[in-house]
Amino acid sequence: AGLGWALVFTPSLGTVGRYFPARRALATGLAMSGASVSGLALGPLVPLLLDTYGWRGALLLMAAVSFNLLVAGALLRPLDAPNESPAPARGQRGLWRLLRHGPFLRYALAFVLVDAGYYVPYVHGPARAREVGCDERRAGLVMAATAVADGSGRVVAGWLAARPAAPLLRHLFGWSALTGLALLLLPLGTSFGGLLALALAYGFCAGAVVPLQFTGVAEVVGAGRLLHAIGLMQMLESFGSLLGAPFAGWLRDLTGDFTASFLAAGAFLLAGSLLILTLPGFFRASRGDG
């Protein structure tokens with residue numbers, strides 16, 4: 001399943017970025033908002049399928065839904081994007097050049113740190129809601145609200161970044177820093193209303209980071225190396241994704257609540273956002289539509 005996800009996600013995201021060079025952030029935000037919609041829909045659907053068909057039947061039905069990606073993939077045609085630089089070296093040579101590309105490595109490291117904190121509220125959010133006295137229904141409502149805010153943030157951030165008033169990397173830094181701050185504030189949500197408000201703020205800011213993260217790759221390495229760079233970056237940042245939630249769980253076991261877990265996750269996000277400041281072009285006054 002993980003291999004299939006990688007084979008779908010990386011080329012489709014890279015293709016969207018190459019199709020719309022002048023509005024790459026907005027196109028990516030709109031495309032990735034679908035993940036939030038499907039996540040919100042699957043929340044109540046999967047338990048229903050499990051109760052009705054068992055886990056084997058539920059997995060078969062989910063596989064049938066996933067097979068529709070074949071049709072979606074057939075629609076991604078290799079069009080020549082306008083104003084694109086000549087194709088770079090491919091294969092091992094292209095990857096080797098990326099591994100020696102200092103700005104790209106700093107960018108990838110930034111999102112290793114970001115991902116170490118990013119998924120903590122999504123993994124431990126229901127447990128945190130129960131910790132502050134919410135029942136299962138209210139805990140589910142908090143997570144559903146987070147998903148809705150996440151999808152909205154993806155579209156809004158893409159729309160704002162499409163305006164050429166400031167470099168895209170500056171938008172990315174701002175949203176990453178706000179996500180880290182929202183995560184630092186999550187321990188203050190000690191009631192259902194407070195937790196819901198903070199979860200909405202976190203979901204919106206976290207969603208805003210997603211399209212800009214992948215659009216920013218083209219700003220760092222150029223559109224011609226976009227597919228290679230997205231794939232390599234995702235491979236590297238998966239280490240942060242893999243370690244962040246278990247580390248937060250270990251802190252919860254050690255301290256007795258999720259306060260230290262969310263504070264550490266927010267610190268990871270802020271550390272990653274600070275690395276974005278070191279990238280070339282961050283302090284450029286303005287940028288063109290392309």
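Helix α8 (residues 168-185) packs against helix α9 (residues 192-221) at an angle of about 150°, and their axes lie 8 Å apart. Angles over 145 degrees count as roughly antiparallel, so α8 and α9 are roughly antiparallel to each other. The crossing of α8 and α9 is left-handed. This is a predicted model.

Confidence comes next. The mean pLDDT of the protein is 87. Of its residues, 92% reach 70 or more. Helix α11 (residues 259-276) has the highest confidence, at a mean of 96. Helix α4 (residues 91-99) has the lowest, at 79. Over residues 286-290, pLDDT stays under 50. For that stretch the model has 17 contacts beyond four places in sequence.

Now the record. An unreviewed UniProt entry annotates several spans as "transmembrane region", among them 104-120, 168-188 and 195-214. Two of these can be set against the coordinates. Residues 195-214 are 100% helix and 0% strand, with end C-alpha atoms 29 Å apart. Residues 104-120 are 94% helix and 0% strand, and their end C-alpha atoms lie 25 Å apart.

Tyrosine 119 sits in the loop between α5 (102-118) and α6 (120-131). Tyrosine 119 has a relative accessible area of 38%, so it is partly exposed. Methionine 233 is 114 residues away from tyrosine 119 in sequence. In space, tyrosine 119 and methionine 233 are 17 Å apart, C-alpha to C-alpha.

Terms used
Residues numbered from 1 in each chain as written. Predicted model: local features only at pLDDT ≥ 70, side-chain atom pairs only at ≥ 80, totals over all residues. Heavy atoms only, no water. UniProt positions renumbered as here; feature names shortened; annotations may be inferred. Helix = DSSP H or I, 4+ residues; strand = E, 2+ residues; numbered from the N terminus. pLDDT = per-residue confidence, 0-100. Contact = heavy atoms within 4.5 Å. Buried < 20%, exposed > 50% of the residue type's maximum accessible area, 1.4 Å probe, protein only. Axes fitted to C-alpha atoms, helices over the stretch in contact; angles between N-to-C directions. Parallel < 35°, antiparallel > 145°, perpendicular 65-115°, else oblique. Left-handed = near helix turned anticlockwise from the far one by under 90°.
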